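We will go from stop to stop, with a note on what to pick at each.

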Amino acid sequence: VSDQKPLGCWSVKHGQILTCPVVCNFETHEYIAVHDDKVLRIWKNEDINLDKVFKATLSAEVHRIHSLPNGGPVVLFRGGGVRTLDVLLEAPQQEIENIISDEVIKWSEAFMEGKHPVLIFTTEKDGDFFVYVQKLKTNTLHKYKLEQQELSKPMSFTAYIKNDIITLLCLYSNDCVYKVLIPLQQNTEEEEQILPKSLLLNLSVSGSVLKGTSFVVLDKDHIAVLGSLTASDEEPKECLTIWNTKFQTLQTSKELPLRTSGQLWCYEEKFFFTHGKVLTVIMYKCETSSLAAAVGKLKDRQTPDVSTFVNWNTLGYEEVADSFQSQQSGALKYESTTDLRSERNAVASVQPDNLSVGKLLLNLKDVPRRIFEDGIRQLMSQAQKLDLQASIGSVVTALTNRCKPHSQYYPRTFMLEIVQTYDLSYSLCPDLMALALERKDVYLLQICLLRFPDIPEEITYACLEMFLSIDEDYLKYTDLDLDSVICYIDIESSHKEVKSEIVENGFSTEQEEGTWDTELTEEGNLTSDGELCPVGVQRAALLNAVLCSAYSEAFLLPHLKNLPAKQAVLFLRYLFYLYVKCSEKINTTLPGMSSPTISQIMDWMCVLLDAHFTVIVMLPEAKLFLSSMHKFVRAQVRFYSELNKIEGSLQELQRLHHQKDPQTYSIEVLEII
């Protein structure tokens, strides 16, 4: 999620349907899926085709698989039967009991009781709701009936275990959350007990009512509810809300104008939910609830019970002040960012006397430039006391927002200093690279490409297109980081030949004749085989930054197809030049800092050829170049093929060398047959 890159993708055959969520077996690092209700599939990351992975057809339909970190996967069948995955795989066709007859499972969850799994699920039949608790250690099942509520019914459930008691929370259609306590240690033999419930929270405040769709427990005093907040004479607004159950207050809320799927997940102090067409990830931190905090919040605002939800991805810097005010008085401190690398840093505890970030940004909005920059530097000096990443991210956002309406204002040195000093990411300051592209600040773009881990492919492509098209005279007078090229491209003379003493990887011009089309390469540097580098030093440094940037081929390919043919050929020639340079050394690595690896070079060559192969083949000026590239690759394949043929002999020589340890000088002649 931090890099916004897909790590794997698998699909079932046409006509098959995945019928329950896929889970991960934490013990074996395998994925488990069920398609067409009864067909179980198990595979690992390296597997590509689901048709060839483990398959088992079960005797009953699966409702859900729950995976526990220390207890292994637990399978719940639609008839109410429960099996651990290990037991199920011993005999996939074993008979599964039907426990719930005509009831329909509405919700289920698995927990660990000590070292043993416990499964709880709720069912519904004719308006009545039932709760089942299955303890797999003793294979005991307890059935309960929920106490009925007039004119309302449960819409969503969540639960947790503490001190051998299951606390089941039920979100009802009357906009209330009820609490039900279920003891795990049951001595009674009664077949069905009625569970009483108590009101935990009324989801209404100041005339507004929250129509919840899903909710999660954050700690003993806080819950998060996703739903529509409605007020009289107003359109419903979909919101994510945080509630204090101890003091019955709405702690904070954030409107979600792009709509959601109605589902909310919580894992390791992060919210996950869909917002529009994207997955939103929000980090939060709960603090101990106190009456002083609740009363303090009531004094802060004209709308006392609602505060702004912090979201560093969407809020403009004008809203930052409200965000920090809500942090000051609320019991819940949180932040949002798709760059989950920030979880490496502990979430800072923000003290009231340090909450000046938002206020400073607001106060500096319209001041003169010199005062603005002095104020920003003052704010940055306080960043160490606050959450460093979020604070610096808001500073960069303030800088870019000030630059947008003022074309003459561009604090390049200041922004470079920030990017080079602090551990930022694209998601913390998404407008920075767009501004640098607009101002053609290639040095700032180069630094961002080398330092930001989560740059979208669209921005990466925009940088590549600019680097390939920008005028060479402009680059000559631009300060750039040349550490990635100075060791293999001669800076002093654009035509000076760079000779290598030894050709180590089996390629030479004597083996394969071939020439490059040098019509487009008047500037450049020679490889050890006399081939010109097709670009200048500055452009090469910029292109290397692109090569080192992370990307997903599926997302990059559509953008690369828009690259003009002439630029595509030039880029491909440079990639081939780098590939030849790598092949000159036995370790196949380029010298210098931040130089691309041979894997990165080959990956970019493949994706570029995929995007432009037809066009490149048809271009007359590319024919000789493609022929040269083909001959070089063919020579390398031939060389490695010959090495493979004598691999056994070389291993035998190594074995003989270890067996003999001559103490005196000797000459041995070994004949390889």
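## A tour by selection

Start by selecting Glu 103 and Lys 143: they form a salt bridge whose closest N and O atoms are 3.2 Å apart. A salt bridge here is a side-chain nitrogen of Lys or Arg within 4 Å of a carboxyl oxygen of Asp or Glu. Glu 103 sits in the loop between helix H1 (85–90) and E8, and Lys 143 in strand E11 (residues 140–146), so the pair ties together parts that are 40 residues apart in sequence. Helices (H or I, at least four residues) and strands (E, at least two) are DSSP runs, numbered from the N terminus. Glu 103 is buried at 9% relative accessible area, while Lys 143 is partly exposed at 23%. Buried means under 20% relative accessible area, exposed over 50%, and partly exposed in between (1.4 Å probe, protein chains only).

Before moving on, note that this is a predicted model: local features need pLDDT of at least 70, side-chain atom pairs count only at pLDDT 80 or more, and totals for chains, interfaces and linings use all residues. Residues are numbered from 1 along each chain as its sequence is written, and side-chain values use heavy atoms, with hydrogens and water left out.

Next, select Asp 37, Glu 61 and Arg 78, which are linked in a network of salt bridges. Between Arg 78 and Asp 37 the closest N and O atoms are 2.9 Å apart; Arg 78 is in the loop between strand E6 (72–77) and strand E7 (82–84), and Asp 37 in the loop between strand E2 (30–35) and strand E3 (39–43), 41 residues apart. For Glu 61 and Arg 78 the closest N and O atoms are 3.0 Å apart. Asp 37 is buried at 18%, Arg 78 is partly exposed at 36%, and Glu 61 is partly exposed at 32%. The structure holds 12 salt bridges.

Now for the largest pocket: which residues lie nearest its centre? Select Arg 64, Glu 109, Trp 265, Cys 266 and Tyr 267, from a lining of 50 residues. Color strand E12 (154–162) too, one of the elements that give two or more residues to this lining; E12 gives the largest share, 8 residues.A pocket, on a 1 Å grid over the protein atoms alone, is an open set of points where a 1.4 Å probe fits, with protein on both sides within 12 Å along at least five of seven lines; lining residues have an atom within 4 Å of a point.

Finish at Ile 646, in the loop between helix H16 (623–645) and helix H17 (647–659). Ile 646 is partly exposed at 35% relative accessibility.
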